[in-house]
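Thanks for coming, everyone. I have one model to show you today. Let me put it on the screen.

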Amino acid sequence: MSSIPVSTQVDPTWRLPHRGVVGMACLIVAESAIFLIFVVAYIYYIGKSLSGPTPAQVLELPILGTICLLSSSITVHFAVSALRKAKVREATRGVAGTILLGAIFLMMTAREWYFLIHDVGLTIKTNLFGTTFYSLVGLHATHVVVGLIMLTVAFTLLLRGRVNERHAEKLEVLSLYWHFVDGVWVVVFLVVYVLGR
Amino acid sequence: MTNGHPVLEAIDQTVEARRRPRMDVVYGWVSTVDHKKIGLMYIVYALIFLVIAGLQAMLMRIQLAVPNNHFVSPQVFNRLFTMHGTTMVFFVGMPILFGFGNYLVPLMIGARDMAFPRLNAFSFWISAFGGFLLYFSHLGGDGLYGAGSAPDVGWFAYAPLTAKVFSPGHSTDYWTLAILLSGIGSTGTAVNIVTTAMCMRCRGMRLSRMPLFVWLMVVSSGIVFVAVSPLTAAQIMLTIDRYLGGHFFDTQAGGSAVLWMHFFWIFGHPEVYVLVLPAFGFVNEIIPVFSRKAIFGYPAMVAASVGIGFISLSVWAHHMFTVGMGPAGNTFFVFATMVISVPTGIKIFNWLATLWGGKIIFKVPMMFCIAFLFQFLVAGLTGIMLSAAPFNWQLSASYFVVAHFHYVLVGAILTALFGAFYYWYPKVTGRLMSEGLGQWHFWLFIVGFHLTFDFMHVPGLLGMPRRIYTYEAGRGWEWWNLIVGIGALFQTAGILCFVWNMVRSYYRGEIAGHDPWDAWTLEWSTPSPPPSYNFAVEPTVFSRRPLWDLKHPEDQDVNYE
């Protein structure tokens, strides 16, 4: 009973999905659920604030930030496909562009918050709009910051020449996260700046 | 390697016996990334909390055993039921099942470790830290305001009771942060389990050959993603309310208390399935082995599990019928809740069909599984009763509900867990647990369980609300509560037998060998306890029961699947 005759039934090309991609996909599902709850709370409380200011009075469409963030999805995609083809220089440029565009987005958010807090006087305490706005947009911005930190690590490693085409799948996992953060922004943009105004 | 190696060649005979200095052993456990050690730490940690939360239950039963009792104060009683519920769900149920998942999933799919070993260690320690933080509230909960020592807002912590004005001090914050941390740990482990099952299977282990326990851990982890995350989100909101002056659940500023209820139960109900699906997994592995038959209806079992996973996400508001959601909402949640009994019924029939015509061996693991079948059926039936909105209006927040969900948690989940302990203990320690002590454990516990939870339905029907710290004599509740308390004593005696059995068997139990139950899944092909790398050579499988194929080359499963 010690051995089974070697069988040809087992597929010789036994391939399983890359674990980084699967793990990131799972994390994205879980994170989506967190964002979903914040989005539901935001929509539920639209127009329920007992005092001003209202979104229509104070919110401006963040066009430039949105364009930057959405284009950063393209640059990170280029970085991954360049690294797959072992073009480390182009990959480095793609990652650098992504970091730059993400940083511009963050700056735009910071300027918006400065305007709201300093000039308008809207804080998280002011009313339900303030509570839901800062927590939803802030949760997204936190994810952007985390993404930027990881991209910066990747960028540093790329500059030092510690990255080659074998790491393409790792960069792809990071890019999946970045695409997710961008996708969430589309939802946040529609809910907060279009539907909510 | 392209053609693979048969399973038994994968066994490595090395035995490690060298004694190491004590600090090295401690360091080894604290710094380990081995899925088996992490799994064991999860289980031991959960067992310690099981004892603590069990003692809390005993204190509550002493308080309620006779009317007008003053054994504990109302304030302490509030803390007791809050800590009991929170501990049992987050620091007993989740970690013990994840512990089994951690230990068994890689062994069952022929892998050497989880997909992300370091994430695994991180998840365990962050969950463990959450548990310690919850109990640190006994020391730190006083805070600046001198109010409260442990959380006392109930395990579902309805708003606005949790607002800073109604719950001053820091006890509620300990509760919030403990659950937040445990949620992070649970999500990390769930990511790990799904990724391990998807990406680490040995050659030939297609998804259609994966042991059902692994399938159920995958479905359970899938529910964790979409159910625990809403709770995490809600706890972030609560913290924003309490610390930054937000208004999410602040009814004075237009916030909604009902929104918290929705967010909590969007987590709370699927959580029941997170806990019960691994228990189904244990039963799926134990019943076939002790019936000497392959599981009946493997594809139906998988489909039913996935179905339960999806339907469980659309039933949460049956906890909220008394809130007044209107006829449309009520009707939807009544039907959604009743629909979930269909896949569950399929599972019960499949287990019965597995038993049918089998050569049933009544060892202790099997006895617990048979008890599970009966008790889970009753728990499901009272669940269908409570899913009918008019009946629910009558009995919501009564002891009938308490009896119902303890029937699920104790009668189904804990009972199946005991079976799992007896079944896999020899694999983990290399020694069998004592059959005699196991019988004592089984009968004491089952008698105690039925005394407690069968009779607990009655005061509920007689109108006894949950969470009251005492009651007047003469309402017809006294005798029922006394019987419930006596049942708790029997259960405690049973648990003591169990603990003694585990300790004693570790030193003096019968040597188990690789495969004491003549079982079929891959974990039984390695030595007991398995070496740190699990399999010396990656195994190759050809059917759902690789060890059956090895033992019965003349009648291999692969011919029938």
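First, the ground rules. This is a predicted model: local features need pLDDT of at least 70, side-chain atom pairs count only at pLDDT 80 or more, and totals for chains, interfaces and linings use all residues. Residues are numbered from 1 along each chain as its sequence is written, and chains are lettered from A and ligands numbered from 1 in the order in which they are written.

Chain B. We have 16 helices and zero strands. Both are DSSP runs, numbered from the N terminus: helices are H or I with at least four residues, strands are E with at least two. Along the principal axes, the C-alpha atoms fill a box of roughly 70 × 50 × 45 Å. The radius of gyration of chain B is 24 Å, which agrees with the value near 24 Å for a compact globule of 561 residues. That radius is taken over C-alpha atoms, and the globule rule is 2.2 Å times the number of residues to the power 0.38.

Now the inside. Of the 561 residues in chain B, 55% are buried. Buried means 20 or more other C-beta atoms within 10 Å of the residue's own; exposed means 12 or fewer; partly exposed is in between; C-beta atoms are placed from the backbone. The largest nonpolar core has 217 residues. A core here is a set of buried Ala, Val, Leu, Ile, Met, Phe, Trp, Tyr and Cys residues joined through C-beta atoms within 7 Å. B:V276 and B:I413 are among those with the most contacts inside it. A contact means C-beta atoms, placed from the backbone, within 7 Å. Leaving out residues up to four places away in sequence, B:V276 touches B:V408, B:A412 and B:I413.

One helix to look at: helix 14 of chain B, residues 435-461. Just after helix 14, B:G463 takes a positive phi of about 100°.

Next, the interface. What does each chain bring to the contact? Chain B gives 43 residues and chain A gives 34 residues. On the chain B side, helix 5 (171-199), helix 6 (212-244), helix 7 (257-291) and helix 16 (546-551) each supply at least two residues. Helix 6 of chain B gives the most, with 10 residues.

Last, chain A. A:E112 sits in helix 4, residues 88-120. Is A:E112 buried or partly exposed? Partly exposed, because it has 16 C-beta neighbours inside 10 Å. The C-alpha atoms of A:E112 and A:L59 are separated by 8.5 Å, though the two are 53 residues apart along the chain.

Key
Contact = placed C-beta atoms within 7 Å. Expected span 1.5 Å × (residues − 1).
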